[in-house]
Amino acid sequence: MKQLTGISGKKPPFPMNKEALSQIFDKFPDPIFVTDRQGNVLLSNSTAAMTIGMSLDQFLKSNINDMIQKSYYNKSYAMEAVEKKCVVSGLLTTKLNFTMMSVSTPVLDENGDVSLVLTTGRPKDLLKTCSSQEEKEIINRRKREIDYLRNYVLESTTVVAESPAMRQLLLLAHRVAQADSTVLLYGESGVGKEVLAKYIHRHSKRAQDAFIAVNCASFPESLVESELFGYEKGAFTGADINGKVGLFEAAHQGTLFLDEIAELPLAPQSKLLRVLETNGIRRVGSNADRKIDFRLIAATNRDLLQMTEQGLFRKDLYYRLHVIPIRIPPLKERPEDIEALAMKFLADFNKQYDSNIKLNPDTLDAFKKHNWPGNVRELRNLIERTVICSLPDYPAELLALAAPIASRRPGQNDCLNLMGWSGTLKEVVGKFEEQYINQVLEECNGRIGETAKRLGIYRTVLYRKRKAFEQRNSE
């Protein structure tokens with residue numbers, strides 16, 4: 001299975017394969033493609049290529065800036081979205097005289113920089129046919145689903161279940177999937193709560209509809225309501241002039257997965273409770289309720305009942321969520337899964353990076369003795385790091401940072417080798433601090449709040465330290 005690449009030859013910053021993407025993108029009738037911040041085309045459907053007179057293979061090797069110079073497009077909203085860091089839309093004309101409304105949505109990383117741009121198009125002639133309010137709502141909801149890149153969370157991830165505990169859990173999850181009740185997933189960070197949520201969705205009667213995954217800790221408190229509930233045009237300064245469909249509406253008839261539900265502020269908790277009681281939402285700036293129908297799966301790594309006693313979580317909401325609680329055991333409690341997961345991840349990354357790396361028995365034995373505080377995520381990251389560091393032409397000075405865990409004492413961190421570092425004590429400590437913070441950030445899947453919690457520091461301190469690292473590395 002060939003991994004898609006852009007014109008630069010670099011792998012895109014999220015996992016994907018040709019078969020999965022063809023099933024997703026080719027079902028979308030309008031042009032849709034993804035570019036990086038330099039304009040390299042990473043993903044696309046055949047419709048987008050057809051509108052400019054290219055084959056899909058040719059388009060996937062192209063750069064938007066080059067195509068503008070060669071008059072394939074008269075302008076690019078994707079590159080404008082990179083520059084402005086906001087959604088940009090307008091009419092454009094292709095080389096084949098297709099005129100369409102193009103919408104480019106930037107995806108920002110944790111530093112506020114553009115990492116990807118998702119561009120969709122709709123032929124100008126079809127815009128006139130959408131006259132009824134119901135049709136407009138359907139199109140807006142579909143656009144919101146795409147803007148949130150919800151398709152990527154439905155990659156065909158299989159659940160590894162070699163241990164008795166996981167086999168019993170999967171049996172329960174399969175039975176639960178057939179119902180439509182609210183599910184609350186408990187488990188330590190990195191145990192695979194989102195993977196299980198996807199499994200439940202894929203085996204439910206809503207499998208053909210949207211799966212919207214929302215990290216409740218990822219939104220600034222000031223934007224939680226507008227992101228979840230949406231807003232009407234002109235609702236507040238800086239709002240999109242056309243209004244915005246909320247993530248609750250985007251999940252209509254599908255499944256809404258609220259990860260890190262414990263991080264939801266108290267005010268939105270109250271509104272979420274109302275949604276669950278009335279099956280309706282009210283956009284910011286609106287006086288009218290909109291009926292919605294979705295299946296809710298929530299997840300947390302905290303004790304919600306204890307939080308209710310501390311006044312940090314609404315008790316009435318807790319009991320609304322606590323319909324079918326499922327606890328996912330940490331990796332250390334299911335040793336039979338460790339080798340199976342390691343071999344699965346190894347096969348995945350060997351395929352992705354076109355390599356043939358193998359794990360020796362000593363390494364697998366060390367895996368079984370390791371405590372895995374980062375759970376499945378930590379194991380996956382370690383396997384990927386091992387494969388990457390074993391690739392030809394990998395910088396020799398970086399090999400020490402990714403030596404196999406088998407060469408160390410069980411439990412010893414695999415990224416803390418100081419070999420090759422020099423300088424004053426302050427400089428070495430600074431390098432160690434940066435590397436450790438980056439490792440924890442990786443294990444937390446880029447979640448700033450969770451990373452700060454594990455490091456025992458405030459978010460603001462973490463932001464300040466990362467900014468200092470960037471300044472130091474740029475000097």
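Modeller: A charge sits over a ring if NZ of Lys or CZ of Arg is within 6 Å of the ring centre and within 35 degrees of the ring normal. This is a predicted model, where local features need pLDDT of at least 70 and side-chain atom pairs count only at pLDDT 80 or more, while totals for chains, interfaces and linings use all residues. Residues are numbered from 1 along each chain as its sequence is written, and side-chain values use heavy atoms, with hydrogens and water left out.

Biologist: What makes Lys271 a charge over the ring of Phe229?

Modeller: Its charged end is 5.7 Å from the ring centre, and the cut-off is within 6 Å. Phe229 also belongs to a cluster with Phe248 and Phe294, linked by ring pairs.

Biologist: Why is the pair of Phe211 and Phe257 called stacked?

Modeller: Rings of Phe, Tyr and Trp (its six-membered ring) pair if their centres lie within 6.5 Å, and planes under 30 degrees apart count as stacked, over 60 as edge-to-face and the rest as tilted. Here the centres are 6.3 Å apart and the planes make 25°, so the pair is stacked.

Biologist: How do you know that Phe211 is buried?

Modeller: Buried means under 20% relative accessible area, exposed over 50%, partly exposed in between (1.4 Å probe, protein chains only). Phe211 has 0%, so it is buried. Phe257, also at 0%, counts as buried.

Biologist: Why is strand S5 called largely enclosed?

Modeller: Strands (E, at least two residues) are DSSP runs, numbered from the N terminus. In S5 (residues 114–123), 8 of the 10 residues are buried, so the rest of the structure largely encloses this strand.

Key
Helix = DSSP H or I, 4+ residues; strand = E, 2+ residues; numbered from the N terminus.
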